[in-house]
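Have the structure open while you read.

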Amino acid sequence: MKKQTDIPRLRRDLLAWYDRSGRTLPWRIRPEDREKGALPDPYKVWLSEIMLQQTTVPHATPYWRKFLSEFPTIDDLARADQDKVLAMWAGLGYYARARNLHKCARVIASEFRGKFPQSEKELLKLPGIGPYTAATMAAICFDEPTNIVDGNVERVISRMFRVHTPLPNAKSELRNLAGTIADPGRPGDYGQALMDLGATICTPKSPKCEICPWSFECQAFRHQDQANYPVKVKKVRPVKYGAVFALINDNQILMRKRPEKGLLGGMFELPGSPWTAKSPDNPLEFAPATRNWEKCAGQVKHVFTHFELRLDVYRAQGDAKLNGIWAALDKLSDYAVPTLTKKAIMAALNE
Ligand code: SF4
């Protein structure tokens, strides 16, 4: 870092901007409300942080409201059936988060009498709480001066200091730089301010530098090469292929449950082939029964973090005598059905 970086001014200007222009979010206590004595609720903050991993605020907010209305306290969530939690999570993706959310609620209810531990170190020991969530909760809920670094913060810091190391290798360098600026006086507000700056001003495309409280120190702004940061290693996502089978009997469809562990663990899906680097030579060998299978037009595509999946969808009429889980098509929301499977069902029904 350059010696002349004016850290006190960076802290002061960012917090002043946050006090004026930070986002109002349903789980957040704004500085003016805090002054009146309002305190953040760790359960609500935790729920929001888990949902916001890999998900945008507008997409996660209705889920957050739905969860709170169904499970007003962490004890209510702990008592819930896992299938119900997964069904309510359907559409948010990354279902391991939902399973860990439920596991964590059970640990908090049984071992901590329904109250979250109050330090980053202790929070880190809980299921599904990683370094980012632990640091965020400790700062926001318990005023611990932690170093909160998410994707938004990485972008801001990489531009501020023109960090040339590509992500993900740059992570520790960015974390160290962020840590040197973090404000120990108002840790929660500072962390939220920096995340807001990344989410609303220092956006991936077209950052609004002219109204940014940090433009006076920002090196990328000075060089007018903001778009070059953060530097990233280009990833090529491999493609996998498979086939699924929609066996329909009146208003019902044959489903199966995936193994509890692994990708989409415990979720419901259509029976089908394994997902492999090339399309199965004889997909019908994976069909749940011998039928007159009709191949639907096009392929269902779905992008996971580490690969893209392309599925051929086959449909046929069945009869409910066949063993398996027959789900009513108008009650699919009672089941934990991932988006991928919803797309395949839509493809089968639209034929
Ligand atoms: S000046 Fe521009 S590039 Fe730099 S931190 Fe602010 S918004 Fe981001």
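This is a predicted model: local features need pLDDT of at least 70, side-chain atom pairs count only at pLDDT 80 or more; totals for chains, interfaces and linings use all residues.

Q: What makes a residue count as buried, and how many of the 351 residues of the protein do?
A: Buried means under 20% relative accessible area, exposed means over 50%, and partly exposed is in between, with a 1.4 Å probe and protein chains only. Residues are numbered from 1 along each chain as its sequence is written, and side-chain values use heavy atoms, with hydrogens and water left out.

Q: What are the helices and strands of the protein, and how many are there?
A: They're DSSP runs numbered from the N terminus: helices are H or I with at least four residues, strands are E with at least two. The protein has 14 helices and seven strands, and its C-alpha trace spans about 75 × 50 × 30 Å along the principal axes.

Q: Why are α6 and α7 called oblique?
A: Two packed helices are described by the angle between their axes and the distance between the axes. Axes here are lines fitted to C-alpha atoms over the stretch in contact, and angles run from 0 to 180 degrees between N-to-C directions. Under 35 degrees is roughly parallel, over 145 roughly antiparallel, 65 to 115 roughly perpendicular, and the rest oblique. Helix α6 (residues 82-89) and helix α7 (residues 96-111) cross at roughly 135 degrees, with axes coming within 9 Å, so the pair is oblique.

Q: Which residues of α6 and α7 make the contact?
A: Contact means heavy atoms within 4.5 Å. On α6 these are Gln82, Val85, Leu86 and Trp89, and on α7 they are Arg97, Ala98, Arg99, Leu101 and His102. They divide into five nonpolar, two polar and two charged; Ala, Val, Leu, Ile, Met, Phe, Trp, Tyr, Cys and Pro count as nonpolar, Asp, Glu, Lys and Arg as charged, and the others, Gly among them, as polar.

Q: Which residues of α6 are buried, and what do they pack against?
A: Val85, Leu86, Ala87, Met88 and Trp89 are buried. The buried residues of α6 pack against α3 (42-52), α4 (57-70), α5 (74-79) and α7. Just after α6, Gly91 takes a positive phi of about 105 degrees.

Q: Why do α3 and α9 count as roughly antiparallel?
A: The axes of α3 and helix α9 (residues 131-142) cross at roughly 150 degrees and come within 10 Å, so the pair is roughly antiparallel. Among the residues that meet are Trp46 and Ile50 in α3 and Met137 and Cys141 in α9. That contact divides into nine nonpolar, two polar and one charged.

Q: Why is Cys141 called buried, and what about Cys296?
A: Cys141 has a relative accessible area of 13%, so it's buried. Cys296 is buried too, at 4%.

Q: Why is Asp6 called partly exposed?
A: Its relative accessibility is 30%, so Asp6 counts as partly exposed. Asp6 sits in the segment before α1 (7-21) and touches Phe216 and Glu217, not counting residues up to four places away in sequence.
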